[in-house]
Amino acid sequence: MGVLLMVRVRFAPSPTGELHIGGARTALFNYLFARANGGVFILRIDDTDQERSRPEYAAALLEALKWLGLEWDEGPYYQSERLSEYNREAARLLEEGKAYHCYCSPEEIQEQREAARKAGKLFRYPGTCRDLSKDEMRAYEAEGRSPVIRLRVPESGNTVVDDIIRGRVTFANDTLDDYIIVKSNGLPTYNFASVVDDHLLGITHVIRAEEHLSNTPRQLLCATALGYRPPRYAHVPMILAPDRSKLSKRHGATSVEEFCSQGYLPEALVNYMALLGWSPGEEEILTLEEMAKIFSLDRIGKNAAIYDTVKLTWMNGHYLMQADPAYLSKTAYPFFEAEGLLKGPLNESQWDYLRTVIETVRERVKTLAELPEACRYFYEDDFDYDPKGVQKIFTKDDTALLLRQAAARLAQLDRFDYASTERAYHDLSAALEISAVKLIQPSRLALTGRTGGPELFAIMAVLGKEKTLQRLEKAAAYIEAAL
RNA sequence: GGCCCCUUCGUCUAAUCGGUGAGGACACCAGCCUUUCAAGCUGGCAGCAGGGGUUCAAAUCCCCUAGGGGUCACCA
C-alpha cells in the first residue's frame, strides 16, 4: 500500500506585470485543488529575471490574489532569496558530470542560430563545450568569459510526460538540447529553479497553463538528473482572447486589477474564471467554498477557452443583486468618489443613505462602475430632463397642472414612504378619473430627469418629501416656461 | 518550419464502458408580468470542422485532411 502524501500545490507567478486572468485562473485551480483535497496552497514568486522583475509587481500580485479571496497557506517564497539552494544543486550536477560549464557567448550562439535559420534548419546547441578540458576552461576564464551551466541531455530516447489532463505525451530527446540551467550572472533559469523548488517545497502536483507543456520534458530530465521524484503534472487549457490569439493588453481588460477598477466583484470574476475550462456539473453559480467542495481535475477540459466578458458581466449583475448591502456600499464607494458624488469620510447617515440608494437601483446595473450614474439624481438636484422624455411626456397640455395637483396631495402627507405616496397617487388618479400612469410618468421625469429607473414611489421614499415637492414644482414651472 | 496540444450551438460547456429527440448557461428573438427601465417567468433560434474507416450501432474508437493554439531565449 502506497503512502498517501499530503497534496501540496503552488502558484508561481513571475512579478513582471499585473496578474492577468490566465494566471489568476491558474491560481484559482491550484487553490481549489488544494482545498478539495485537504492540501496546502503555496505561493512562490519566481523572480529570477533581474531585468523584468519588480517588487511593486510582486506586491500587486499578492494584493490581487487577496482581493480574489485566494488566500495561500504557505509563502510567499521568493526565488531571489533562495539562490544558495540552486547553487548547491547546480554544483552537485556539475560534480556528477550531469551538467557542465559552457563558455559560448550569447553572440556566438546567436550567430549559430542565425546561420541555422538561414539554412532552414532547426537550431540546437551543438555541444561545443560539452567536454572541455581544465586547460581549455582556464583559457576561457583568462579571456574574461563567465560561463553558463548547461544540463547534459540524453541524445536519444524519449521523455514522456504523464499529464493528468492530457494523458501520456511523448517527446523525443533529440528534439531537445543541452539547455541552460544557470545564467552567466549566476542566477538560475526557470527550468531549473522551478524544478529545484518544486522538490524542496514538496510539491505533489504542478497545475499550470498549457504553454508550459513543452517545457515539461526538460524539467523532467532535470529532476531525474537531480535524483528527484517529480511531481504529477496537469496542464490546463489556455484562455484566449476573442480573436483566438493569446491574451494581451490590446484586448482590453485582461488583468485582475482592471476588472476590479471596472467595477467587477471578486465573487463574479472567480466564478466566471472557474467556468473557463472547468465544469462543475449542474449549478454554475458557485462561491469559492462551494467550488472547493466539488472541484476535481478530471472535470477540466482539454480545449482552449475564449473569454467573453458578456457572461462575466451578466454574472456580475447577479452577484450585485445578491450582495450584502453593507458590503456593497463599501465596495461601491470609491466609484462614487471618483464621480464626484461623494467625498469621504462619510458619517453614519451618509452611509445609510448610500446603502438605500444602491438598494433601489442595484438590479438595474451590471457593474459597480455604472452605479454612480444610475444614482446621480439622488445626490444632485440640477439635472437636465431627457429630451425624448420631455417631448413624449411633458408636452401633454395638462401635465404641469397634474404635477402641481400631485404635489399638493403629497404635501398633506405626514408619513412619506412607499405605501403612503402610492396611495396618494392612486387616490388622485381615481379622483381625476385618469390612469395612474398619466401621473407616474411625468413625475418620474420630474424627479429624475429620466424615463426609466426604479419604481416611482421607491424614488420618492428615498428623496423625501421636501425634495420631491421641490422637483415636482420645478418641473411644472419648466413645462409652463417651455410652452 | 520542427515538435507538442486541441476541434460539440455566436461564446462557456454537458453527454461515466460507443445506443441521447445531442442537455445546460450567457447572448439573441418572442410572449407573460408590469408604473417606466430593469429583474423575474415561459417559450424559441442555434452545434458534433470535413472526409474515410471499424461496428448491428460513432459526437464518442482508428486514419487522413483542414483549422486553431502552444513552444522552440543567458523570459518565466
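Predicted model: local features only at pLDDT ≥ 70, side-chain atom pairs only at ≥ 80, totals over all residues.
**Figure 1. Residues around RNA strand B.** Of the RNA atoms within 4 Å of the protein, 70% belong to sugar or phosphate, and the rest belong to bases.

**Figure 2. Contacts to phosphate oxygens of RNA strand B.** With Gly277 the backbone takes part: one of its N or O atoms lies 2.6 Å from a phosphate oxygen. A polar backbone atom of Ile306 is 2.8 Å from a phosphate oxygen of RNA strand B. Strand 12 (305-306) is one of the elements that give two or more residues to the surface near the RNA, and helix 4 (106-118), strand 7 (167-172), helix 11 (309-322), helix 18 (436-448) and helix 19 (456-463) are also among them. Helix 11 provides the largest share, four residues.

**Figure 3. The stacked pair of Tyr103 and Tyr140.** The count of aromatic pairs comes to 15. In the pair shown here, the ring centres of Tyr103 and Tyr140 are 5.2 Å apart and the planes meet at 15°; because planes under 30 degrees apart count as stacked, this pair is stacked. The pair links distant parts of the chain, 37 residues apart: Tyr103 is in the loop between strand 4 (99-102) and helix 4, and Tyr140 is in helix 5 (residues 134-142). Tyr103 has a relative accessible area of 3% and is buried, whereas Tyr140, at 24%, counts as partly exposed.

**Figure 4. The tilted pair of Tyr333 and Trp351.** The rings of Tyr333 and Trp351 lie 5.6 Å apart, centre to centre, with 55° between their planes, and the pair is tilted. Tyr333 belongs to helix 12 (residues 325-338) and Trp351 to helix 13 (residues 348-361), so the pair links parts of the chain that are 18 residues apart. Trp351 has 22% and counts as partly exposed.

**Figure 5. An aromatic cluster and a charge over a ring.** Phe383, Tyr385, Phe394 and Tyr478 are linked into a cluster by ring pairs. In a separate view, Arg150 lies over the face of Tyr125, at 3.6 Å from the ring centre.

How values were computed
Residues numbered from 1 in each chain as written. Chains lettered and ligands numbered in written order. Heavy atoms only, no water. Near = heavy atom within 4 Å. Polar contact = N/O pair within 3.5 Å; in protein donor to acceptor, adjacent residues only side chain to side chain. Phe/Tyr/Trp six-rings, centres within 6.5 Å; stacked < 30°, edge-to-face > 60°. Buried < 20%, exposed > 50% of the residue type's maximum accessible area, 1.4 Å probe, protein only. Lys NZ or Arg CZ within 6 Å of the ring centre and 35° of its normal.
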